[in-house]
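Thanks, everyone, for making the time. I would like to walk through one model this morning, starting with its core, then turning to the interface, and ending with some backbone details.

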Amino acid sequence: MSGIIEAYNLTKTYRVHQKQPGLIGSLKGLFRREYKLIQAVENISFTIQPQEMVGFLGPNGAGKTTTLKILSGLIYPTSGRAVVLGYTPWERPDSFRRQFSLIMGQKNQLWWDLPAEDSFRLHREIYSIDRKSYKNTLDELTELFDVKKLIRQPVRELSLGERMKMELIAALLHSPRLLLLDEPTIGLDIIAQITIQNSLKEYNTKKGITMLLTSHYMKDIEALCTRVLVIAHGKLFYDGPLRGIIEKFGQYKQVRLRFAGDQLPANLNRFGSVSATGPIVELKVDRDKVASALAQILTQHTIVDMSVQDPPLDQIIAKVFEHAKTNSVPREFIETPQTA
Amino acid sequence: MPQVSRYLTIYISFIKFSLITELSFKINFLIKIFVELLWLSILIIFYEILFSNTDNIAHWSREQYLFFIGCHYMLGGIIESLFLENCANFTELVRSGDLDTYLLKPIDEQFIITTKKIDWSTLPNIIQGIAIMIYALAVNPKWTFELTQFLMFVITFTCGLTITYSFLLMLCSTSVWIIRNQSMMELWWLFSTLMRYPKEIFNDSWAHSIGWFLTFVIPALIVINIPASTMIRKFLHPYSVLWMGICTGLFMFASRKLFKFALTSYRSASS
């Protein structure tokens, strides 16, 4: 089955003006400009199948947004090839643009001084949506995002979370097959984040839409994506299941124990690093040794409560980014698609 | 035809939304209209002062030149109401990366970028321009209505409008490379100022080459001169009309090509 997104060796290089500091530097720049080539994206290849929800991770400046912009046809790659929904994205035919949406958390596409419903009607005209489908889809989406009562309120008077929900509705009104999301929950409170995550998940289950999502909130990624692409310094560093990255880089598990009585047992540090707060102890135990460590503790002590968890995804991803900074891309992490 | 009706419906939405937006800031709206009226008054006073000292300017009589001013005012009003704000804002769209949201829509980019906002406060300039032209014709005892002449005026005026719009589009397209493009917009004001003089003032020997340049290289002089001459002076040189037609075609083609080419260099500022 061919992918809904196929990227082959995408590379994007920017020529960026380098200005020396101060007034003299500015004056020199009038006569002789210095430029530096920035490799925003370097030989990235991947394929995304229909209905997948894929997380696109990387530190700031890694090349995530640049890749999304290439895939949505906003910018041209310096080299490489991409096929999105069967089209070359940067040719931007209308038939291509009707089939996807790109949401950018920091950009607003709705008319600021008008109620969102007016912008939705304009979308209906631009995307040539027939009135009946428009009404049904709008009803469905306003219910899904729980904003039925807000669509007649000027956009400027909505909260950030409500505005993002309206942006998502506008992006989904024409029932796109592909949704590209760039930091959709940036700046939102935890309740708004969870509502948006749940709504997107429900929408994916109902409609089978394909999603490629960048986010610095690992909760978004955990909630929505089973597969992740990790990019660092413009290069694809990991392409595989989210679980795989946790197992590879989260070498330890967090074991939380509450012992009976006030006295904490000695020598717990033989299982891993220990931190204690009152009768509660948190152990960082090597992933392979969790079972034997627990067996020993349970036979030797009385435990009132316990839990075993993976370390927070944020910590694992930070470790991945750190690793990517100092290491070249391990080829076994990436399944390179066949070059067409 | 369905495409024409689709674009028309979208444009009607732009008109409506722009008006709603303007009216929600009514004091600003009223001040803008007042300033436009002030501009017109200054122009008419200046014109009256000129003609209190002379009977004609470069063979244009008082009534004829008043028509010329009305014609310029109407064309300026159309450009400023429908396109200028959009084209000036293009620089900001490029600089901020907000152009992204326009490029993602399944619609002609030039259409949505150059027509999205209508400046309602300068729309009365069009009516004022028409009123001045009608008055100038009414007070001119030598002028009589002829349908062919009127149709030729409409055609040449539309050509002038197209040349002006295309020139503006070419200037704003350069924003993609220059990013901060105020100097290019200053060129627009220069073009607009040059349009409002009769080309006969460049007949003197040393000014002749400037007149030639402003007719054949940057054809600012033909934009108002040809339609106004057609209507009020019943003077229609076939070569002038032919040149106007060629200029219109060339400018339309070149501006569209340049705009499309500029979009290929768009870098989309980081989100």
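Let me begin with a term: by a nonpolar core I mean a set of buried Ala, Val, Leu, Ile, Met, Phe, Trp, Tyr and Cys residues joined through side-chain atoms within 4.5 Å. Please keep in mind throughout that what you are looking at is a predicted model.

With that term in hand, the largest nonpolar core here has 167 residues, and the members with the most contacts inside it are A:Ile5, A:Phe120, A:Met166, A:Leu212, A:Ile245 and B:Leu99. The largest share of this core, 18 residues, is supplied by helix H3 of chain B, which covers residues 62-96. If we take A:Met166 and leave aside its neighbours within four places in sequence, we find it in contact with A:Leu110, A:Ala116, A:Phe120, A:Val147, A:Leu150, A:Ile151 and A:Leu158. There is also a second, separate core of 13 residues, which includes A:Leu268, A:Phe271, A:Val285 and A:Ile297.

Now to the interface. On the contact count, 32 residues of chain A meet 32 residues of chain B, and the two chains bury about 2,900 Å² between them, with 61% of that on carbon and sulfur atoms. On the chain A side, A:Lys107, A:Trp111 and A:Ile126 lose the most area to chain B, together accounting for 22% of what that side buries.

Across the same interface, 14 residue pairs are in polar contact, both partners being at pLDDT 80 or more. Among the elements of chain A that give two or more residues to the side touching chain B are strand S1 (5-18), helix H2 (64-71) and helix H4 (116-126), and H4(A) provides the largest share, five residues. By class, that side of chain A has 13 nonpolar, seven polar and 12 charged residues.

Finally, the backbone. Most residues other than glycine have a negative phi. Here, however, A:Gln51, in the loop between strands S2 and S3 of chain A, has a positive phi of about 75°, and A:Glu183, in the loop between strand S6 and helix H7 of chain A, has a positive phi of about 50°. Which of the two is buried, and which is exposed? A:Gln51 counts as exposed because its relative accessibility is 53%, whereas A:Glu183 is buried, with a relative accessible area of 11%.

Technical notes. Residues numbered from 1 in each chain as written. Chains lettered and ligands numbered in written order. Predicted model: local features only at pLDDT ≥ 70, side-chain atom pairs only at ≥ 80, totals over all residues. Heavy atoms only, no water. Contact = heavy atoms within 4.5 Å. Buried area = accessible area lost by both parts, 1.4 Å probe. Polar contact = N/O pair within 3.5 Å; in protein donor to acceptor, adjacent residues only side chain to side chain. Helix = DSSP H or I, 4+ residues; strand = E, 2+ residues; numbered from the N terminus. Nonpolar A, V, L, I, M, F, W, Y, C, P; charged D, E, K, R; others polar. Buried < 20%, exposed > 50% of the residue type's maximum accessible area, 1.4 Å probe, protein only.
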